[in-house]
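Please examine the model shown below. The account that follows leads through it, from single residues to the chain as a whole.

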Amino acid sequence: MSKKEKQEQHRSKIGGQALIEGVMMKGANTGAMACRLPDGTIDVETWPENNGKNMPWYRKCPFVRGSFNFIASMKDGYRCLMKSAEKQMTDDEEENEEEMGRFEKWLTEKLGEKLFGVIMGIAMVVGIAVSVLLFMFLPKLAIGLLIDHTPVPDVNMLRSLLEGIIKIIIFLFYMALTGCMKDIRRTYEYHGAEHKTIACHEAGDELTVENVKKHCRFHPRCGTSFIFITLIVSILAMCLVPIRIIWLRTVVSILILPLTVGVSYEFIRLAGRSNSALTRALSWPGLQIQRITTREPDDSQIECAIAAIKPCIPEDMEDDRW
């Protein structure tokens with residue numbers, strides 16, 4: 001069987017996420033994260049997953065599973081991201097943390113081991129609030145003011161289109177701006193390593209640094225593409241909502257979010273298992289955005305991605321197919 005035939009026949013369900021100096025992967029039965037520690041070694045953690053045949057119905061039902069799987073991925077990704085940050089702490093930094101002030105000591109005494117979870121929860125709530133402000137309320141406010149103070153016709157489809165354009169501009173600007181930061185740029189390099197390693201696995205090549213280097217750093221199942229598709233679906237959905245009041249349009253956007261996420265998730269699944277001309281054309285914009293959110297990785301970053309994906313490859317390869 002030629003390499004091309006292998007690539008056309010095997011579409012892996014393994015997905016991943018870039019971490020701080022590391023990569024997280026999730027397969028049908030196992031999840032793993034591999035991080036490069038300050039001493040240069042690679043630390044690997046694994047845990048059981050239930051992404052195979054025994055998933056509950058709401059994680060398998062089309063258009064319903066999108067929201068549940070997205071929330072699960074966000075939760076696991078955030079947990080691994082925080083863990084990877086902890087692993088980068090040196091002994092000196094840990095000693096400095098021990099020199100806590102009164103407030104920190106009080107929090108530790110009252111909350112104990114729950115303190116980190118509380119901090120994570122607060123950070124997540126703040127992140128969601130900022131996302132709602134930037135991607136839902138702000139575009140609607142800006143276009144509402146524009147329509148009120150210019151002769152632009154207040155056509156619902158035009159309003160939704162302009163709101164969507166602002167969302168996309170904010171998204172692209174944020175991705176490009178964060179990419180200028182050294183630490184985030186390294187995370188984008190690990191993102192590239194994750195994609196190239198999954199592509200190498202899907203091609204049926206041996207997982208070596210040299211083989212991984214040959215593959216493309218863009219992948220149709222990327223979270224970046226998923227977010228972009230969700231933005232496009234939300235634009236189309238809001239074209240059908242004949243509401244002009246800004247705060248009410250924001251509420252409707254939030255209420256229909258499970259629907260837009262569900263539709264976007266089904267498209268990403270389709271793009272992951274199909275290489276037709278239609279899916280390639282629809283995936284093209286998301287792949288181009290990955291030029292911002294991925295960078296070419298070095299050998300050490302590829303080694304981390306390989307260490308993360310190996311435990312996630314099941315013995316029965318049928319469990320690894322879409």
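His-195 lies in helix H7, where helices (H or I, at least four residues) and strands (E, at least two) are DSSP runs, numbered from the N terminus. The model is a predicted one, in which local features need pLDDT of at least 70 and side-chain atom pairs count only at pLDDT 80 or more, whereas totals for chains, interfaces and linings use all residues. Residues are numbered from 1 along each chain as its sequence is written, and side-chain values use heavy atoms, with hydrogens and water left out.

His-195 counts as buried because its relative accessibility is 2%; buried means under 20% relative accessible area, exposed over 50%, and partly exposed in between (1.4 Å probe, protein chains only). Accessible areas come from the Shrake-Rupley method with a 1.4 Å probe, and for residues only the protein chains shown count as cover. Neighbours within four places in sequence aside, His-195 is in contact with Cys-216, Arg-217, Phe-218, His-219, Cys-222, Gln-290 and Thr-294, contact meaning heavy atoms within 4.5 Å. Glu-202 also belongs to helix H7, which comprises residues 182-202. With 6% relative accessibility, Glu-202 is buried. Between Glu-202 and Asp-320 there are 118 residues of separation in sequence, yet their C-alpha atoms are 9.9 Å apart in space.

Which residues line the largest cavity? The lining consists of Pro-220, Ser-225, Phe-228, Ile-229, Phe-267, Ile-268, Ala-271, Leu-282, Ser-283 and Gly-286. Helix H9 (223-238), helix H11 (257-273) and helix H12 (277-293) are the elements that give two or more residues to this lining. On a 1 Å grid over the protein atoms alone, a cavity is a set of points where a 1.4 Å probe fits but cannot get out, and lining residues have an atom within 4 Å of a point. Grid points are joined across faces, edges and corners, and a volume is the space filled by probe spheres set on the points. By this rule there is one cavity of 30 Å³ or more, and the volume of the largest cavity is about 40 Å³.

Helix H10 (residues 246-255) has Ile-246, Arg-249, Thr-250, Val-252 and Ser-253 as its buried residues. These residues lie on the same side of H10 because they cover an arc of only 160 degrees around the axis, the arc being that of the directions from the helix axis to the C-beta atoms. An α-helix has 3.6 residues a turn, so residues three or four places apart point the same way. Trp-247 and Leu-255 are exposed on the other side of H10.

Leu-133 is part of helix H5 (residues 114-149). Its relative accessibility is 47%, so Leu-133 counts as partly exposed. When residues up to four places away in sequence are not counted, Leu-133 touches Leu-138 and Pro-139.

The loop between E4 and H2 contains Pro-62, and Phe-63 is placed in the loop between strand E4 (42-48) and H2. Pro-62 is partly exposed, with a relative accessible area of 43%, and Phe-63 counts as partly exposed at 49% relative accessibility. Pro-62 and Gly-262 are 200 residues apart in sequence, with a C-alpha to C-alpha distance of 7.6 Å. Helix H2 itself (residues 65-87) holds Asn-69, which is buried at 6% relative accessibility. Apart from neighbours within four places in sequence, Asn-69 is in contact with Arg-59 and Tyr-265.

Backbone geometry forms the next topic. Most residues other than glycine have a negative phi. Phe-63 has a positive phi, near 70 degrees, and Glu-21 likewise has a positive value, near 55 degrees. Glu-21 is located in the loop between strand E1 (15-19) and strand E2 (22-26), and is buried with a relative accessible area of 18%.

The chain as a whole has 13 helices and four strands. Of its 322 residues, 42% count as buried. The chain exposes about 17,800 Å², of which carbon and sulfur atoms supply 64%. Among contacts between residues at least 6 apart in sequence, 70% join residues at least 24 apart.

Methods
1 Å grid on protein atoms, 1.4 Å probe; cavity = no way out; pocket = protein on both sides within 12 Å on 5 of 7 lines; lining within 4 Å.
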